[in-house]
Every structure is written in structure tokens, then in C-alpha cells.
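Have the sequence and the 3D view open as you read.

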Amino acid sequence: MRFVAVRRSLALSGLLLAPCVVAARPAEAFHLHLKRAEPGINDTVAVAPKVIRLWFTERPEAAVARIELQGPGGAWVAVAKPQLEPGDDAPLTAAVTGAMAPGAYRVLWRAMAADGHPMRGSFGFVLKPAS
């Protein structure tokens, strides 16, 4: 009889804890994530971009967003303060104001959506002018 009570107790505990485990997993899906970018992630481009555009899974708060551009040899390239274009699925943009030489670049971004959870990431691209 005691064995049956223990089994029922374990089964009940499992049922009570299961929603917590299931609920914890999708919470990540509600945070802002990068969907796509221009220049594209891991792309090779022939012309230096004049603007970096980032599309996210949620609308970012432009006031706290940052976009930085690191060039060949770790040199930082100047970019303007990020702006949010109008529209529901509008990108966060930053004009590239510094000079860009051929080589590998890394875009570093920080953004936050209305949920208040800051996210960050980076991706690379290569500037290789046509010969």
C-alpha cells in the first residue's frame, strides 16, 4: 500500500512540475532576437555599406539601442546613433560615417524590446571590392 502512495505522490509531483518546465522553455522566445541584417550575416559585399540595417523579432527601443562596427585589425569605424525606421517590421538603422577599407568586419549590437530584457549579439561580413 505504501508503494502505491509513493507512486501517486511522484506522479502528482511530476504533473505539478511539468507546467513549470514547459513554461520556462518558451520564455526565451519572447525576447528580442536578430532576424536578418544588411549587410547580410557572413556576406561578402563589393561596396562599403552606407547604412547598417537590423531587423528583430520585436520592435527595439531605439533610445537604448547600440550598433558598433569593428573593422580589419580591430579598428573601430564610426557609425551614427541608431534610428528606428517607421513601420511595424521596420529595421533599426545606423549610418556608417567612417571610412571602410577592404577586409573583415564585425557588427556588434545591443537592443532591448518592451519586455525590458537587454539582448546583444554580433555577426561578420567581408568587404571585398570587385577587381
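Start with threonine 44: its bridge partner in strand S9 is valine 126. Keep in mind that this is a predicted model. Threonine 44 belongs to a pairing in which strand S2 (residues 44-45) and S9 run parallel, joined by 2 bridges.

With S8 it pairs in the antiparallel sense, over 10 bridges. S8 and S9 make a hairpin, with 5 residues between them. Glycine 116 sits in that turn and has a positive phi of about 85 degrees.

Now for the rings. A pair of aromatic rings is described by how far apart the centres are and by the angle between the planes. How many aromatic pairs are there? The count comes to 2. Here they are:

| Pair | Centre to centre | Angle between planes | Type |
|---|---|---|---|
| phenylalanine 56 and tryptophan 109 | 5.0 Å | 70 degrees | edge-to-face |
| tyrosine 105 and phenylalanine 125 | 5.5 Å | 15 degrees | stacked |

Why is the pair of phenylalanine 56 and tryptophan 109 called edge-to-face? Their planes are at 70 degrees, and that counts as edge-to-face because the angle is over 60 degrees. This pair links distant parts of the chain: phenylalanine 56 is in strand S3 (residues 51-56) and tryptophan 109 in strand S8 (residues 103-112), 53 residues apart. Are phenylalanine 56 and tryptophan 109 buried or exposed? Both are buried.

Tyrosine 105 lies in S8 and phenylalanine 125 in S9 (residues 118-127), so the pair ties together parts 20 residues apart in sequence. Tyrosine 105 has a relative accessible area of 4%, so it is buried. Phenylalanine 125 counts as buried as well, at 2% relative accessibility.

Another ring has a charged neighbour: arginine 36 lies over the face of tryptophan 55, at 3.7 Å from the ring centre.

Finally, check out tryptophan 76, which is found in strand S5 (residues 76-77). Is tryptophan 76 buried or exposed? It counts as exposed, because its relative accessibility is 52% and the cut-off for exposed is over 50%. Leaving aside neighbours within four places in sequence, tryptophan 76 is in contact with Glu68, Leu69, Gln70 and Leu108.

Key
Residues numbered from 1 in each chain as written. Predicted model: local features only at pLDDT ≥ 70, side-chain atom pairs only at ≥ 80, totals over all residues. Heavy atoms only, no water. Phe/Tyr/Trp six-rings, centres within 6.5 Å; stacked < 30°, edge-to-face > 60°. Helix = DSSP H or I, 4+ residues; strand = E, 2+ residues; numbered from the N terminus. Buried < 20%, exposed > 50% of the residue type's maximum accessible area, 1.4 Å probe, protein only. Lys NZ or Arg CZ within 6 Å of the ring centre and 35° of its normal. Pairing = 2+ DSSP bridges. Contact = heavy atoms within 4.5 Å.
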